[in-house]
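Me: Please walk me through the model shown here, beginning with the overall form of the chain and ending with a single residue.

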Amino acid sequence: MKKLPLENLTTTLDQKERQTTKYISQQKYNAQKRMLSALKKTSEALALATDAKLILEKIATALGKSLGAKYVNFWEFTPDKKGLFITAAYGMQRQYLVQSKKHPITLGTAWVGRAVATKKVWATSDVQTDPKLPSSWLPAVKKQAYHGVLCLPLMKKGEALGGMCIYYKQIHEFDYFEMALATITANQAATAMANAKLFSELLAEKNKTIATIQSLKDGLIIYDLGGKVMFFNHRAEEYLWLRAKDVIGKNFAEKDTEQNVYLKNFYNISKIVQTEYSSKEFTTDGPQKLVLEITQVPINDQYQKIGVMQILRDITKEKDLEIMKSGFVATASHQLRTPLSGTKWALDLLARGDAGELNEEQKSIVNKLLTSNQALINLVNDLLDISRIDEGKFGYEFVASDLIKLAQQLYEQTKNDAARKNLNYIFMPPDFKLPPLKLDPAKLAIAIRNLLDNAIKYTPDKGKVTIYFRLEEKTAALLVQDTGIGIPEKDRKFISVKFFRAPNAIKFQTEGSGLGLYIAKSIIEKHNAALDFETEEKIGSTFIIRFVLPEKK
Ligand code: ADP
């Protein structure tokens, strides 16, 4: 049998006594069995707990009991690393632990101090007669009444993290098996200590993150992939008048929330259909009216998406200001509408020759005036729509409707415009059945019409525009694909911002207000649908409206 390096073992038993039996006795066999079961117990402690002290206490108890030792203890470094004190023990009275914290053992002294300093095992079969024990310590050792002592360093990656000692009431000969067991246990304890340290560091990091998130000015809700709420910060509680403990771990069905306006707000927010990183507005119902801007962000681990986060920003004040501004625009637009209509009426009269025949030059001037006048009327109408939208006065009436039929009607209405540009203009009815959707057909027509007009407008002569449908997991999509000018990368984030027109669009088609998509987006979102696009410059664009499919009953 290969011996462990025991150069620091002092023994009082002579050579003859040590070699009395070649084969182990039944008694020894039983003892070894007990020790192995202790080893199993210590491994279990390691797997179950994360609190270092608790693990060490369990290990000490399992080891102490199986060895029949008087004490087993674990030693930790003092903060200055110059001393060691007892952190967990078996068999010892509490007062010894308190005492050792007050008066730590200096590194390099006593058996544990030597074991940790030299990173080796130190043992003595009888500490009371061992010359290495300073005489001044003898009374204390006698009082505690132990003889055999074994101390080991707790090693991890070549570094001593602390020490472990086993104390026997009697004079004790340490055999190979016991030494091996003690070494394995010490290694386990070292792993436990290292893991616990890592765990407590992680916990501290987690707490720091939570504290940061809790103190955010924005509301934050985290969902797992199944839609269950995992986190709900203080601001979200404040905005939605709900307590985190009432929503965390839950995944509400619509009927659970019908009786409670706050839960209903939360349910509607959680079900907002959103393209990731884009924002949507939501006005809360109930006594506290808030306008929240909701942004959805995916949460990924190293490999895959594991959840989603919604960030809630209170934009009520900004909204109020916008409403005031809209009020002004609305009044101005109203005032403009009357004279513009008057001018149109007069120009129509002139164009028809009702006020006398016009010569060719005059006719051409009047026609130009008519076109400009119409552009102004369109602009004023758009502005009026926008101010109504911003003020929330764009009254909606939702009825179960046939989306495909609506899209086809709009296709028919725009066919002539496409023909004028010699476009290959195609409507592809879907090859699947779409259930009726809750729509406001008149409002949605404005939005879809705008996408069709844009596709026609921004596609050069002889290009192709296709309207088609796609069934997705939880949504049905209406797609308008063109082979037009596309949207340059740098301009994409501004699309559907009020008045924004990309430079390539201005160059290609001088007329346009940059209001159409803003109006379309707002209408689409009121349908709990989402507007999205895919585009490549000079290749074409696809604008996509995604409608949530009704839940199957
Ligand atoms: P307008 O068409 O009056 O300029 P919109 O709000 O409808 O205003 O569109 C905003 C901008 O989005 C356009 O000016 C253009 O830059 C871009 N855009 C919209 N639809 C398309 C499209 N189908 N192809 C290329 N660019 C488009």
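**From overall form to one residue**

Me: Before we start, what kind of model is this, and how are residues numbered?
Reply: Residues are numbered from 1 along each chain as its sequence is written, and side-chain values use heavy atoms, with hydrogens and water left out. Local features need pLDDT of at least 70 and side-chain atom pairs count only at pLDDT 80 or more, while totals for chains, interfaces and linings use all residues, since this is a predicted model.

Me: What percentage of the 553 residues of the protein chain count as buried?
Reply: Buried means under 20% relative accessible area, exposed over 50% and partly exposed in between, with a 1.4 Å probe and protein chains only. By that rule, the buried share of the 553 residues is 42%.

Me: What radius of gyration does the protein chain have?
Reply: The radius is taken over C-alpha atoms, and the globule rule is 2.2 Å times the number of residues to the power 0.38. The C-alpha trace spans about 140 × 45 × 45 Å along its principal axes. A compact globule of 553 residues would have a radius of gyration near 24 Å, but the protein chain has 40 Å.

Me: Why does Thr 466 count as buried?
Reply: Thr 466 is placed in strand β16, residues 464-471, where strands are DSSP runs (E, at least two residues) numbered from the N terminus. Not counting residues up to four places away in sequence, Thr 466 touches Ile 426, Met 428, Leu 479, Val 480 and Gln 481, a contact meaning heavy atoms within 4.5 Å. Thr 466 counts as buried because its relative accessibility is 7%.

Notes:
Helices (H or I, at least four residues) and strands (E, at least two) are DSSP runs, numbered from the N terminus.
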